[in-house]
Amino acid sequence: MSTERTPAIPAGVRGATITGWGTALPDNVVTNADFEARLDTSDEWITERTGIKERRHGGSTAGLAIEAGRAAMEMAGVTGDDIDFVILATTSPDYQIPSTASEVQHELGIAGGAVDLNAACSGFVYGLVHAHGLIAMGLDRILLVGAETLSRITDQDDRNTAILFGDGAGAVVLEASDEGQLLAFDMGSDGSARKFLDAPIGGYMQMVGKEVFRKAVTVMVDSARASMAAAGVTADDIALVVPHQANIRIIEAACSRLEIGSEKVSTVLHATGNTSSASIPLALVDALEGGRVSPGDLVLLVGFGAGMSWASAVVRWTGHLPEVVR
Ligand code: UT7
């Protein structure tokens, strides 16, 4: 049953569809063996407890966002003049002031407004919902990017966090469309849990991993159920789940409770680590380019992160697909 906070999209609301996508990862690969060589950890521990084998470090948040955004715009066949607004989901902006989105807007020659959105690892799904809202209000095209350089705000000598986080970006172009993709969404926040994962301004991330883990599974499951109920669909109807890529055990526990088999889940964390706002678009693009989405498929996006924040969305894939699955 849909509530005011978890709405199904009302009939007649101007919808949006994804017409292009792109990703960017720094060249520098940091493997579990690299950590094993200088911290009290092991490839075996990291692999078993997280599913991560390697991650990428380097670049700037703006630089990665620009690379991913440019690729998404090229695929959509648009130039900066055609884009009305940039939403950059990030929890690791390059500056306190100005927004990192302003550099992305300028470098890509985008005509419209630009804003950073920080909802930690839920940021891309928050951004997707905000983009749909702006398109419903009359904007025609939005560039939505999730980009992070978490390696800069992670203490590389702290084995509790260093092994988890990586850098990267994923971007999509959303265009107004009669065949809107978003069927329903859920967004939430529990600020009483904010101390379990935080980074002071100018400082490193600190995390109580066990608490984050425990809450993550609960909020992912509850949020996914709320979005599916609002969309009037069940787990059986979902063709693909694109979860936040934090820990394979969190993903498996949540999907098991949702009774969704692992064959329906997109994971890239073995190769990227946890890239916060970038993780869902990286996993979405991986699934699209791997031919795992067909026209009309229902895709469930679900994220959680610091705050704690959480967000999920059910979309029906009416957007572009790569040649392999046309
Ligand atoms: O986007 C959201 C961001 N954060 C997350 O999603 C994090 C969620 N939490 C997790 O993914 C997991 O809690 C971790 C992967 C961080 C830790 O896994 P865990 O199974 O919860 O381990 P633990 O914290 O209970 O630690 C078990 C042991 C401890 O040693 P003792 O106290 O049992 O002697 C830790 O000190 O493992 C130790 N440990 C490590 N050992 C080897 C912690 N980090 C490491 C490490 N290598 N890198």
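A residue counts as buried when its relative accessible area is under 20%. The views below show a predicted model.

**View 1. Arg-55, a buried residue without a salt bridge.** Arg-55 belongs to strand S3, which spans residues 54–57. Although Arg-55 is buried, its side chain takes part in no salt bridge. Asp-34 provides the nearest side chain of opposite charge, at 6.7 Å; a salt bridge requires a side-chain nitrogen of Lys or Arg within 4 Å of a carboxyl oxygen of Asp or Glu. The side chain of Arg-55 instead has polar partners: the side chain of Asn-32 makes a polar contact with it at 2.8 Å, and the backbone oxygen of Ile-163 lies 2.7 Å from one of its polar atoms.

**View 2. The largest nonpolar core.** This core comprises 42 residues, and those with the most contacts inside it are Met-228, Ile-238, Ile-260, Leu-300 and Phe-304. At least two residues of the core come from each of helix H7 (209–231), helix H8 (248–258), strand S12 (298–305) and strand S13 (309–316). Helix H7 contributes the most, with eight residues. Another core, of 39 residues, lies apart from this one and includes Phe-85, Leu-144, Leu-240 and Leu-284.

**View 3. The surroundings of Phe-304.** When residues up to four places away in sequence are not counted, the residues touched by Phe-304 include Val-212, Ala-216, Val-219 and Met-220. Phe-304 also touches Cys-121, Ser-122, His-244, Ala-246 and Ile-250, as well as Ser-309 and Trp-310.

**View 4. The salt bridge between Asp-40 and Arg-159.** The structure holds eight salt bridges. In the one shown here, the closest N and O atoms of Asp-40 and Arg-159 are 3.5 Å apart. Asp-40 sits in the loop between helix H1 (32–36) and helix H2 (43–50), whereas Arg-159 is in helix H6 (residues 159–162), so the pair ties together parts 119 residues apart in sequence. Asp-40 is exposed, at 64% relative accessibility, while Arg-159 is partly exposed, at 44%.

**View 5. The salt bridge between Arg-141 and Glu-175.** The two side chains meet at 3.1 Å, N to O. Because Arg-141 lies in strand S6 (residues 141–149) and Glu-175 in strand S7 (residues 167–177), the pair ties together parts that are 34 residues apart in sequence. Arg-141 is partly exposed, with a relative accessible area of 23%, whereas Glu-175 is buried, at 15% relative accessibility.

**View 6. The salt bridge between Asp-198 and Lys-195.** The side chains of Asp-198 and Lys-195 meet at 3.4 Å, N to O. Lys-195 is exposed, with a relative accessible area of 61%.

Conventions
Residues numbered from 1 in each chain as written. Predicted model: local features only at pLDDT ≥ 70, side-chain atom pairs only at ≥ 80, totals over all residues. Heavy atoms only, no water. Helix = DSSP H or I, 4+ residues; strand = E, 2+ residues; numbered from the N terminus. Buried < 20%, exposed > 50% of the residue type's maximum accessible area, 1.4 Å probe, protein only. Lys, Arg positive; Asp, Glu negative; His and termini not counted. Polar contact = N/O pair within 3.5 Å; in protein donor to acceptor, adjacent residues only side chain to side chain. Core = buried A, V, L, I, M, F, W, Y, C linked by side-chain atoms within 4.5 Å. Contact = heavy atoms within 4.5 Å.
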